[in-house]
2 protein chains.
Amino acid sequence: MTAEIITIGDEILIGQIVDTNSAHIAQELNKIGISVHQITSVEDQHSHILTTLEEASKRADIVILTGGLGPTKDDVTKGAFCAYFEDVLVRNEEVLAQVEALFKKINNSPISDLNREQAMVPSKAIVLNNKYGTAPGLWMKKGATVFIAMPGVPFEMKALMELEVIPKLVREFKRPFIFHKTIRTFGLAESALAERLEAWENSLPKAIKLAYLPGSGTVRLRLSGKGEDRELLRISIEGEFEKIYPLLEDILSNGLGEAEELPASVSRLLISKKQSLSLAESCSGGEIAARFTKIPGVSSCFKGGLVSYATQAKEDILGVSAGLIASHGVVSGQVAEKMAQNARKIFKSDYALSTTGVAGPSKGDSQAEVGTVFIGLATPQGIFSKKFEFTGNREQIVERSVNEAFKIILKELL
Amino acid sequence: MTAEIITIGDEILIGQIVDTNSAHIAQELNKIGISVHQITSVEDQHSHILTTLEEASKRADIVILTGGLGPTKDDVTKGAFCAYFEDVLVRNEEVLAQVEALFKKINNSPISDLNREQAMVPSKAIVLNNKYGTAPGLWMKKGATVFIAMPGVPFEMKALMELEVIPKLVREFKRPFIFHKTIRTFGLAESALAERLEAWENSLPKAIKLAYLPGSGTVRLRLSGKGEDRELLRISIEGEFEKIYPLLEDILSNGLGEAEELPASVSRLLISKKQSLSLAESCSGGEIAARFTKIPGVSSCFKGGLVSYATQAKEDILGVSAGLIASHGVVSGQVAEKMAQNARKIFKSDYALSTTGVAGPSKGDSQAEVGTVFIGLATPQGIFSKKFEFTGNREQIVERSVNEAFKIILKELL
C-alpha cells in the first residue's frame, strides 16, 4: 500500500510559500499504515499536472493532490483532473447548497457565478464534504489507483483529511501498521554517534530501518518498521532502543530517551518536579515563549515572560540598572544574569532564562558584533550566563539562541 | 532555463520534517532568472533516486539535489549520484583538510574513518566548499544538464547556495530576469475579488501571469513575468498593478499596495509615524512578539511585550486587578482592555495590543470555551477590544489570534 502526494501551485515553485501540506498528509497516512514514496510539486499548468498524474499512477496505489481547486483562472487542477479521467463536469446540488450556506454565514451575501462553478464536479467523482471552504474534495478511481484531490488552503485540507479522507481510506483498504520511534541525543557529532552504535546498527533486523537526523547540536535517531501486528512492532522497536540506552546515557536529551522536542522535555521535567520557568527575552524576541507555549498544558509550569526589546523596558520593568548596562553594555553576561535573576523574582518562578544579543542584520546601537548572544539562567541555587558567537542571518541567530536556551535549562533540570 | 529540485530523505516522506529547503532554493534561483518547474521528494533509496535523476534530466537544464550526503549508512545520495554518472569515488585532499580543520575547531577531536569518507567524492565532480559542515557540495554534468548536490542541513545548504552555487550559475549561464510582485488585500473573498478584477485580468498581456493566493482573511495577488530587460519588466508589472489600485482602495492591506506581510506593514507604518507598540500576550504566548521581531529594524518601533501566561503575572506585573479578573473572568473584553491599557503605560508606548483566550486543547481553569479569544488595543485616543470565536486546534487558534491582532493594529494605523 503506497501513496504519492502531488502539491500544485506556482507559489510553491517560486518559493513564495513552503509546502507544509505534504508533511501533514504524510504523517496522517503513516498513522494508518500507508507509506508515502514520493512527493511532487508542480505548477498550475494543465499538461504538467496530467503527466504527473500519469507517472504517479504507475508507482502508487493512492495519489493525493492538493491545490488549484479554487474559483479563479489560475486554478486548473479540476480541469486537468477531469481530462485525466476523460470525464465531464456536472453540477452537484449538495455542493451548491453547501457553498450557498457558507457564503450566507461568512459574507452574508448571495453567491456569484464564480462560486457557483465550485459546485461543478467530475461526473464520476465521489464528493468529499469541505466543511470550511467552497471547493469540495474529490475521490476518483482509475485502474487500481485511487486519486484524491483537495484544496490547498491548509485548514480546509486538514479538516478534509480528518473527517473524510482518512476514515474512507480506513474503511476501504486493508493496511499494515507503521511504527516510528525517535530519540534525541545531543552533544555528539553524527559520525561519532554512528561509530558508537556500529555493532548495534549492524545487528538490527532487516525489517527495522534506522535513520540519523542531525540538527543544530542534536542528532535524532529514528527506528521505523512495518508489520501486521502493531504491538509486536512496538515491542521490537522499543526493544532495540533499550539495547542502546546504556551506550547513550551521557548524550540522551532527556534521560528517558523519548521522542520529544526540547521544549516538551523542559515542560515535562518542570511539571514532574513541580517547578516553574519564566523568561526575559531580548534578542530572541518572544520566540522562546512562543515555542514553549506551543506545548499543551505548559501553563502549569510557565509563569510568563518579558520581551524587553527596548533598553528602557530592561530598566523600567526588569529593573536592570542603567549603571550596569552602561558599564558592561546591554549585550553582556552581566546584563543577561541580571535579567534572569530579576525575571525569576518578578514572575515568582523557580527558574528564569534570559537572552541578550545582536541578531542583526546591523549592530544597532550595540557595541557587540552581530551574532553575539548571552544566555542567562537563574536557578534556586544561583545564576550563570553563557556567551555564544553565532553565524548566519537574523533568523538563524534567533533559532540558535532559542535552541541553546532550551538546552541550558534542560541540562540544569537533568 | 528551467530547473528542478530533488530533496532526499525518509524524514520528509513520513512527514517528520517540512521540506523548507526547496522554497529557499526556488527563491534564490528565481532571483537570478531561473524558473523551477518541479520539486520532487524521495526516500533515501538508491534505485528511486536514480530513476528520479533520470526523469528530471529529461525535463530540466539544472537539477539541484539536497539531502543524504551525510556520513551514516542511511545516507545514500552520494552512491546514487556516482552510479548515475557511472563514476567512482576518489579522495579529495582539500575536502579532507577542510573536514579535519572543522573537527578540530568544533569538537577539538581528531576525525574518524566515517568523517574521512566525507572527503570521498565522484572523480568527475567539481567540489563546492561547504563552510559549515563535512559534506561538500558536488557539481556534475551529463549531456546538457547540470546536477548540483548539497547536504540537507538547512544552514549548510543556504551557505553553499549563497557562496558557491548561485555565483557559479550566474557565471556559467545566460539567464533572463524573473520579476514577481505581490500585493495583499483583505476582507473580500477570492471569488468576489476575481469578479471585481475580471476586465483587468482579461486584458493582461499574455507574458504576465496572475495568481490569487488566498489566506486566512486575506487574498494576495501576484503578477509574474520573465524577460531580457529587468527594468522594462518591472515597469510593465507595476503599471498593471497601478491600473487596479483605484478598484482595490477599500481592501488593500496597507494603503500602499506593497507585497508586505502584516507585521512588516505594521512596523513600516509605526516607524513612518514615529510611534511605538508594546504587547501583553496571554493566549498567543509570545507569538506576536516573535513574529514582529522577525522584521529587521523593528527595534525602533517595538518597546517590548509581556507574556502573562499565569494569571498571577497579569496581576503582579501588568497590574490587572484580581477583582476585575474575578468579576469578568480572565478571558474577557474587560481584562483584554486593561492588559492593553497597562502595557501601554508600563512600556511607555503609543499603542499596545493584548490577547487573552483559550487556545486549548482543554479549557484549563477558564470559564470560556476553547477558541474564545479577546484582542485588546490601547491607542493614544482610547481602548477597545474585540471578541473572536476561532475553530481548530491549539496551533490554529494561536495563528488566527496573531493574524487578527496584526489586522486590528494595522486598521488603526491606516
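This is a predicted model: local features need pLDDT of at least 70, side-chain atom pairs count only at pLDDT 80 or more; totals for chains, interfaces and linings use all residues.
**Exercise 1. Work out how chain B is related to chain A.**

Step 1: Read off the symmetry. The two copies are thus related as by a two-fold rotation axis.
Step 2: Check the interface. Of the interface residues of chain B, 99% are also interface residues in chain A, so the copies meet through the same surface.

**Exercise 2. Find Tyr309(A) and decide whether it is buried or exposed.**

Step 1: Locate the residue. Tyr309(A) sits in the loop of chain A between β13 (302-307) and α13 (311-316).
Step 2: Apply the cut-off. Buried means under 20% relative accessible area. Tyr309(A) has 15% relative accessibility, so it counts as buried.
Step 3: Look at who's around. Leaving out residues up to four places away in sequence, Tyr309(A) touches Ser282(A), Gly285(A), Lys314(A) and Arg394(A), and from the other chain Thr293(B), Val298(B), Ser299(B), Phe302(B), Lys303(B) and Gly304(B).
Step 4: Zoom in on two of these partners. The side chains of Tyr309(A) and Arg394(A) make a polar contact of 3.0 Å. Gly285(A) is 24 residues away along the chain, yet its C-alpha atom is 6.9 Å from that of Tyr309(A).

**Exercise 3. Decide how enclosed helix α2 of chain B is.**

Step 1: Go through residues 21-31. Those that come out buried are Asn21(B), Ser22(B), Ala23(B), His24(B), Ile25(B), Ala26(B), Glu28(B), Leu29(B) and Asn30(B).
Step 2: Draw the conclusion. Nine of the eleven residues are buried, so the helix is largely enclosed by the rest of the structure.
Step 3: See what follows α2(B). There you'll find Gly33(B), with a positive phi near 85°.

Definitions and conventions: Residues are numbered from 1 along each chain as its sequence is written. Chains are lettered from A and ligands numbered from 1 in the order in which they are written. Side-chain values use heavy atoms; hydrogens and water are left out. Copies are superposed by least squares on the C-alpha atoms of residues with pLDDT of at least 70 in both. Contact means heavy atoms within 4.5 Å. Helices (H or I, at least four residues) and strands (E, at least two) are DSSP runs, numbered from the N terminus. Buried means under 20% relative accessible area, exposed over 50%, partly exposed in between (1.4 Å probe, protein chains only). A polar contact is a pair of N or O atoms within 3.5 Å; within protein, one must be able to donate a hydrogen and the other to accept it, and residues adjacent in sequence count only if both atoms are side-chain atoms.
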